[in-house]
Amino acid sequence: MNHREERIDVRGCTVPTLIGGGGPALVLLHGAGGAGQWFEFHERLAQRFTVYAPLHPGFGGTPLPSWVKEAEDLALHYVDFIRAIAADKPLVIGLSLGGWIATELAVFRSDLMSGLVLAGALGVRPERPTPDLFIMDPMEAVGYLFADPAKAIALMPQGAAVDGIVRMWEEQAAVARLTWRRPYNPQLHRRLHHVRVPTLVVWGGKDRLISPEHGRMLAREIKGACFELIESSGHAVAIEQPTMLADTIARFADGIALAPPQPAGDRR
Amino acid sequence: MKLFFFHLMPWPFIPDDFQKTWRSSWVVLPNSLYDPAIGHRVYGEYLDQLQFADEVGFDAVCVNEHHQNAYGTMPAPNIIAAMLAQRTKRAQIAILGNGICLRENPLRVAEEVAMIDVISGGRVISGFVRGIGCEYYSLGLDPTFSRERFFEAHDLIIKAWTEPGPFEWDGEHYRFRYVNVWPRPLQKPHPPIYCPSQGSTETIAWAAEHRYPYIMTFTPLDVLVRFYDMYRELAARKFGYEAGPELFGWTSQVYVAKDEKTALAEARPHLKYFAERCFAIPPQMLMPPGYTSAASLRRFIEARGTAGSFFDVDNLLASGETLIGTPEQVGERLVRNMGRAGAGIFMGAFQVGDMPHDKVMRNVELFADKVMPYLPGASAAPPRPEQASTGSKRMETSK
């Protein structure tokens, strides 16, 4: 599948976006690592969907503006993004940190999406504190993100050594802006009932950053949500098990397409 | 040349198996290793050393702020500065510096520094720092807003010191309906502001714009000169003035003995303690993401080869450039290195690592006796505020 990069203007913010594939629109909100690269995961999804993979502000050399203070600021930025790409009710997928943004987006604007997929999503306060990846040396951090550390090669910086270090560090600054003081939104758990869209929660069985139990809890708390475990994968499911994850998402999307239409209005 | 007596107040009992067991003496070194009974004695000795420095004629005694670590046990520098206001008579009290953006309310710094300035008779040098990267872990603060908060905190403190209160401050990071700091500092317009720094480009530009004396600690001379030249170049090109030596400081450990071999042998174990157990900070802790700009990080790595902090004792001692030797060697190298740096403020660390009290006192005494009298007299430092002139006190021999 060919893919291309477009620089989409979102209210004055330039959003480099990888676009590829064909079919119903899908917006993929990336996590802390691997932003701006077209992986096997994207490729697999592109066989079934038109994939839009934007970069969060601060990634890929873009500036990190002062107005980005909380994940919900990015959620509202993505409301504008969805409007800018003129996507009609895309399927929204959030990976890890992207899952936090996607959850906030669904809390406020479920009406904008056809479905929600949360893979290893941050955002709701976990039972046990997540380990501090910022203080770790990279080899230790990799162990929390991957069941198979060799798969982490995909995330290693390309090109000249100092350039790579500086670029990764810049992207980590965008992650730090949202997660340093508190790697979750204390308000989000009680807001989950606002998510009114078919939801799939997927988790790596070997996720050492946030346990699969957290994922199961999210699926219980979001009305009508289902949960799937990808046993062999660590936290970075899209990189470790791209085919399994993409296929799980495709099955989920098929299920939504076949489901009877939901009546309008409040169902509680 | 101004002589400042630098001090870190390190914890001198980090265990011998430190390098095998812990990653750093910052942030994560367990505080169970701190013995308060020993600490009582050690703080007392450090204070005695600082007091002695005043008695033998140092121009300033220095404190600094570091949290949750064994490198320097002054999380509250103003507490020590306040003690020094009582224990010293003539030296300036250089707080290098308060982490003005590390607290919820920077006006607490304005208040405390004003108190010390008034009580000391106008002897405070008020250094402002952002706090090194480690502090952002220890204090749970977002490193990505560090610079913004620092600049706003500085502006707020200066306004609080110079404009009549109460006034309102509605800033991006700080909001106070009533800013009305009592007491007001004694010095006019306010205590001199110094800028200790690790070399971020934005800080250099800011310091040059404000003409704040700029100090890098424990940085190799050839690296330091590059950053100071940046300041000088900006001062000339952008701000229209010539930045003289009174605006730059150079820091070094100092150890004098009657012959070089003795000096090296006696100082070495304490330098090694300092380098290996105190100063070593991994890159992730020293430079958390967003702490500085990408451009500054790049310059930092290119200048030093790493984003961490490390100190190579063997190379340093082999270079023949250290201030560790006979009084003649130390005096000569000191003057030469200050010339190379273009610096007029010398900050000497006479207590290093686990150096015990009696050794420190002999070191300072010998320096005061045999080196001080032969150093150049008062340089073109910022004029001291109205108080009794201290004259050429360094020509008096120590007791």
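Analyst: Let us begin with one helix, H4(B), whose buried residues pack against helix H3 (77-87), strand S3 (92-99), strand S4 (124-129), helix H6 (146-162) and strand S6 (175-179) of chain B. Helices (H or I, at least four residues) and strands (E, at least two) are DSSP runs numbered from the N terminus, and two residues are in contact if their C-beta atoms, placed from the backbone, lie within 7 Å. This is a predicted model, in which local features need pLDDT of at least 70 and side-chain atom pairs count only at pLDDT 80 or more, whereas totals for chains, interfaces and linings use all residues. Residues are numbered from 1 along each chain as its sequence is written, with chains lettered from A and ligands numbered from 1 in the order in which they are written.

User: Which residues of H4(B) are buried?

Analyst: A residue is buried if 20 or more other C-beta atoms, placed from the backbone, lie within 10 Å of its own, exposed if 12 or fewer, and partly exposed in between. In H4(B) the buried residues are Leu107(B), Val109(B), Ala110(B), Val113(B), Ala114(B), Ile116(B) and Asp117(B). The helix itself covers residues 107-119 and reaches 18 Å from its first C-alpha to its last, close to the 18 Å expected, where the expected span is 1.5 Å times one less than the number of residues. Just after H4(B), Gly121(B) takes a positive phi of about 80°.

User: Why is Asn363(B) counted as buried?

Analyst: Asn363(B), which sits in helix H14 (residues 357-370) of chain B, is buried because 23 other C-beta atoms lie within 10 Å. Leaving aside neighbours within four places in sequence, Asn363(B) is in contact with Tyr255(B), Val256(B) and Phe350(B).

User: How many residues of chain A are in contact with chain B?

Analyst: There are 16 residues of chain A in contact with 16 residues of chain B.
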